Amino acid sequence: MRILTRAEELVLISVWRLKEDAYSVKIRVKIAELSGKEWAFGAIFVTLERLVKQGLVESYLTEPTKERGGRSKRVYKVTDLGLNAMIEIKEYEKNIWEGIPVTKLKES
Amino acid sequence: MKTPIVCSWILKKLFPDNGMYTTVADVEEVYFDKLEEFGTLRAGLWLWNQTLRALILIVRKNISGSPGMFNNYLKIALRNIIRHKGYMFINVFGLAIGFGIYILSTVFSMSMLNGSDFYKDADRIYGVIQVKSGGNQGESHSAIIPGPVLPAIMDEFPEIEDATRFFRSSNNVLGYENVNFSEGSVYYVDSSFLNLFTFEMISGNPENVLAEPYSIVFTESMIQKYFGDEDPIGKVLTLNNEIDITVTGVTKDAPDFAGIHYDFLISMGTLIAEDSGSFDSWRVDSQSAMLKLREGVEGENLDDKLQVFAEKHFGQSVESPDRLYLFPLKEFTFGSNHIISFWTNEPILAVYVFFGMGILILLVACINFMNLSTARYSNRAREVGLRKVVGAQRHQIVKQFLGESLLMSLIALPIGIVLFEIMRPLFIAFYNYQFNITLWDKPGIMINIGVVAIISGLFAGSYPAFFLSSFKPIQTLQGKLQSGKKGNFFRKFLVVSQFGLSIVLIIFTVVVSNQFDNLMNYDLGYNRENIFFVNTSNIQQSDADLFEAGVQRSSNVENITFSNYLPGLWENERKVLTEGMDISEAIRMDIYNVDINFPELLGMDLIDGRTFSTSFSDEGNFIITETVSELLRMEEPIGKQLTVDNETGQIIGVVSDFILRSFYRPTAPGILRLKESDHSYMLIKTSSPIKLSEMRESLKIEWKRIVPEQPFHVSDFNDSFSRWHEGTKKGSEVCGAIGIITIFVSCLGLFGLASFTIEKRRKEIGVRKVLGASTELIVKLLVNDFLILVLVANLTAWPLGYMLSRLFIESMYTDYPIVIGVSVYVFAAMITLLSGVIAVFSQTFKAARANPVDSLRYE
């Protein structure tokens, strides 16, 4: 089983959820949505690089678009390996968190 | 739309994305959204925030492989700083002093060297220089040339975009509402002057303020003196009590290193309209000509054409130049000492020396740092051992220690800047600079300092990092720390080089200050004592005679004479011909126009013939020096004819050699010529020493009686003489101050080293004491160890210091270098040995006094 850092998990999940649209700008927005924190671009680039190195995501360039001044986007896509890792993590997290109550207690 | 260049550059470097830069495009996409939504400021802040965070992330990743390790290194470094406060203080403070002095020398030498950057298009501006040969010094280069040269050049050279002529006049009287002032720095300039030299205008248009005759432009600092708070524009002044001139504009004062320092600019048209001055003569060197070339034209390419030009225009006369060439403006303020010009130039060598000292002291501070860091290796050896055991690679440890020294240098840098800010006003006051030179004058300086801080941090950390990372974990963890033998040798080498550099500085300082003393006591061939100058250039000859008669009556006045200029600054090279000599053989010599009594008043030594006398008609006759008679190959000079400027006179006397020139200029043979009409200064010799203030009071009464409306100015020869050479004195004082600071930093190093070495030898001292050694013996033993190092440093630094200072004084004072005596080395040795003893004594004494029981108990 592959253990990822929390940052890697978040990026991986965001990439998967965004499907065709998964490039850093959108990933950043997604992460903000999921975790409530605005990440620095640098952090996203570094984490994506690490995921690519591990073979969990792959990337391809889009056709250059006019809105971006004729520059391409690098869009990321979860690989089969990545998807399997996600499934494993989900399973394992579920086991870990089994039985934790749903309702919050009042803090004294 | 564009993103700030710096940010996108950093981002590109950080996330190259295999050269595709999609990453940067991503960031920019959001940036542009923010730009539209929140405006430039917030979007800019956001972008900077992103960039900096990315930068920190990458730095952390690179230093330690992971942010976690980085935090650990930082924590360890900070803990070390807190635990060893005293040691860290010495370390950081030494480095900060180094930075402070370095910044001082960089900021000031940069502003000096780039003084001409102040002018727009400075790289395209050149001065026309004429070269004359003859005499015993080879060629003479002068930027002061005949007036018609420039207009003629302008006609023939299409490469020239703009040009101007100017000359400096030191004797002028300006009056406003019947109050007269004598003004020493008036420039007569062509109307294009302010176009070419872009001095900042406060009021008036640079195009036309000097276009009309009878126009004067004030500098800001002169307004108060004449007009108080009134608006100066349109006010009418009198120039030399004759002409009315109108204020047409005001400029800011020229910066300290701009080379041209005027108080007033008067349009050249004024003199032409008054028909005074020699503007149309090709034979009289009267003014400077500066020109601006069109873009893409190189000054050197015009020199051949100028050669042809010179041959065409100058006739075959005694004073015609051999050739003309162009000299770049940038070099006028520095490195033009061989050219006679109206520019104030400072010797470039002195600036390099100052800059060199900054680097030197920084080097000493870095060595200090290395020394102290390695000396306390035992403190860190265990840490290194443990890190290695748990898997640290050597390069990681190297990075850790380099990072630590970088951290120290970044802590030291702001302290250094604070030290610089403390020294800056003192330095400006010391050199009397008019402008506030700051760290922010040139953007390059901040970058330079930042880069130097990083480099010296890495340099200072290089040896400790290499040394500390070499420990074998097994030995260090066993507690064996004797592996530092080689380090011992290297540390000694460091101390020696530190002291060596300080000794070089001390030798240099002492030599330069001896040189100054030597200049002050140099045998000039005449006497400077009890002589006063009165500026009489602005009064009529008849008034001057009246004044002379009045002064003569004072009881303690011994002698009075007149001269055309001030002895000690006087230079007037002309070509001299003897009977039957061809024009081409003429020799250049200084011709000094003086009055009767001049040789007697200065106490010159008459060797042959007689001196000027009223009983003969001596007007236009000469008194020559021995050197001159040798140069002219005259066996019997008395009675021979000399021709200067087409005027012929007789040699009536020979005196021993004298030096009326400045020491900064090469010597030239001198000839005195009696010219009763050519007076600018009155020289008064008193029979006994008298205070300048008393002299001024008594002379002023007489002056007010004869010419009450004229400004009165008197000065003391001896005082003025030391003021003219004060550059050397101040230079030696700055050297001395830097030398003392360098010794101080070196002593910090020695102090640190001593405390650690003694710490290591505690047991040895204990054993020695148990076996009966006395306190004195132990102190002697320990101190000797360090003094040997200082002694070795002395021996190695002496030749270097000798060579450097010899080189310096020989090129600065070509004709007056002193012989460097043994006392200089003795002095350097004494100072360093003494400060060395002071640095280590307290430590050794404490160690020697310690109770041996304390140091041996735990065995």
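User: In this model, which side chain is joined to that of B:S613 by a polar contact?

Analyst: The structure is a predicted model. In it, the side chains of B:S613 and B:S615 are joined by a polar contact of 2.6 Å. B:S613 itself lies in the loop that runs between β20 (606-609) and β21 (622-625) of chain B.

User: Is B:S613 buried or exposed?

Analyst: Burial is read from the relative accessible area, with under 20% as the cut-off for buried. B:S613 has a value of 16%, and therefore counts as buried. Beyond its neighbours within four places in sequence, B:S613 is in contact with B:I596 and B:D618.

User: How should I read B:L692, and in which helix is it found?

Analyst: B:L692 belongs to helix α20 (residues 692-706) of chain B. Its relative accessibility is 23%, so B:L692 is classed as partly exposed. Setting aside residues up to four places away in sequence, B:L692 touches B:F532, B:V714, B:S715 and B:D716.

User: How far is the C-alpha atom of B:L692 from that of B:F193?

Analyst: The two C-alpha atoms are separated by 39 Å, and the residues are 499 apart along the chain.

User: Turning to strands, which strand is joined by bridges to β14(B), and how do the two run?

Analyst: Strand β1 (residues 125-132) of chain B is joined to β14(B) by six bridges, and the two run antiparallel. Within this pairing, B:V131 stands opposite B:R323 of β14(B).

User: How many residues of strand β14 of chain B are buried?

Analyst: Five of the six residues in β14 (residues 323-328) are buried, which leaves the strand mostly covered.

User: How is the size of an interface expressed, and what area do chain B and chain A bury between them?

Analyst: The accessible area lost when the parts come together is often given as the size of an interface. For chain B and chain A, about 1700 Å² is buried between them, with 57% of it on carbon and sulfur atoms. The contact involves 18 residues of chain B and 19 residues of chain A.

User: How many salt bridges and how many residue pairs in polar contact are counted between these chains?

Analyst: The count of salt bridges between chain B and chain A is zero. Three residue pairs are in polar contact, both residues being at pLDDT 80 or more.

User: Which helix supplies the largest share of the side of chain B that touches chain A?

Analyst: On that side of chain B, α2 (22-38) and α3 (40-64) each supply at least two residues. The largest share, eight residues, comes from α2(B). By type, the residues of this side divide into nine nonpolar, three polar and six charged.

Key:
Residues are numbered from 1 along each chain as its sequence is written. Chains are lettered from A and ligands numbered from 1 in the order in which they are written. This is a predicted model: local features need pLDDT of at least 70, side-chain atom pairs count only at pLDDT 80 or more; totals for chains, interfaces and linings use all residues. Side-chain values use heavy atoms; hydrogens and water are left out. Helices (H or I, at least four residues) and strands (E, at least two) are DSSP runs, numbered from the N terminus. Buried means under 20% relative accessible area, exposed over 50%, partly exposed in between (1.4 Å probe, protein chains only). A polar contact is a pair of N or O atoms within 3.5 Å; within protein, one must be able to donate a hydrogen and the other to accept it, and residues adjacent in sequence count only if both atoms are side-chain atoms. Contact means heavy atoms within 4.5 Å. Buried area is the accessible area (1.4 Å probe) that two parts lose on being put together, summed over both. A salt bridge is a side-chain nitrogen of Lys or Arg within 4 Å of a carboxyl oxygen of Asp or Glu. Ala, Val, Leu, Ile, Met, Phe, Trp, Tyr, Cys and Pro count as nonpolar, Asp, Glu, Lys and Arg as charged, and the others, Gly among them, as polar. Two strands pair if DSSP finds at least two bridges between them.
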